[in-house]
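Hello,

Here is the structure I promised to hand over. My notes follow below it.

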Amino acid sequence: MDDFVIQVKSGKADGLVKQIKATVASGAVGHREVIGYAPDKYSAHAWRAAAAEGIPVARNLYELVAIIKERQK
């Protein structure tokens with residue numbers, strides 16, 4: 001898990017992409033990949049926006065685990 005930072009957003013998850021980009025730009029994550037986690041039923045817009053930017057976002061714990069497992073290979 002040292003290779004990832006999970007950025008959690010609740011509610012409609014507005015601004016998730018902006019928040020993830022700011023986190024990466026700050027340099028605080030170093031070499032680690034940032035994965036978004038927006039577990040709210042209203043976060044579909046945020047998920048689509050992140051996907052368009054190539055940013056992985058999980059909508060539930062199962063997706064989060066799958067994303068992490070896929071990237072650990």
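Val 5 is in contact (heavy atoms within 4.5 Å) with Val 29, Arg 32, Glu 33, Val 34 and Ile 35, leaving aside neighbours within four places in sequence. This is a predicted model: local features need pLDDT of at least 70, side-chain atom pairs count only at pLDDT 80 or more, and totals for chains, interfaces and linings use all residues. Residues are numbered from 1 along each chain as its sequence is written, and side-chain values use heavy atoms, with hydrogens and water left out.

Val 5 also belongs to the largest nonpolar core, which has eleven residues, including Leu 16, Ile 20, Val 29, Val 34 and Val 57. Such a core is a set of buried Ala, Val, Leu, Ile, Met, Phe, Trp, Tyr and Cys residues joined through side-chain atoms within 4.5 Å. Helix α1 gives the most to this core: three residues.

Next, the sheet. It is open, with three strands in the order β1-β2-β3 and parallel pairing. Strands are DSSP E runs of at least two residues, helices H or I runs of at least four, numbered from the N terminus. Two strands pair if DSSP finds at least two bridges between them. The edge strands are β1 (4-8) and β3 (57-58). Two bridges join β2 (residues 33-37) to β3. Gly 36 has Val 57 as its bridge partner in β3.

Last, Thr 23, in α1 (residues 16-25). Thr 23 counts as buried because its relative accessibility is 18%, and the cut-off is under 20% (1.4 Å probe, protein chains only). Leaving aside neighbours within four places in sequence, Thr 23 is in contact with Gln 7, Ala 28, Val 29 and Val 34.

Best wishes

How values were computed
Buried means under 20% relative accessible area, exposed over 50%, partly exposed in between (1.4 Å probe, protein chains only).
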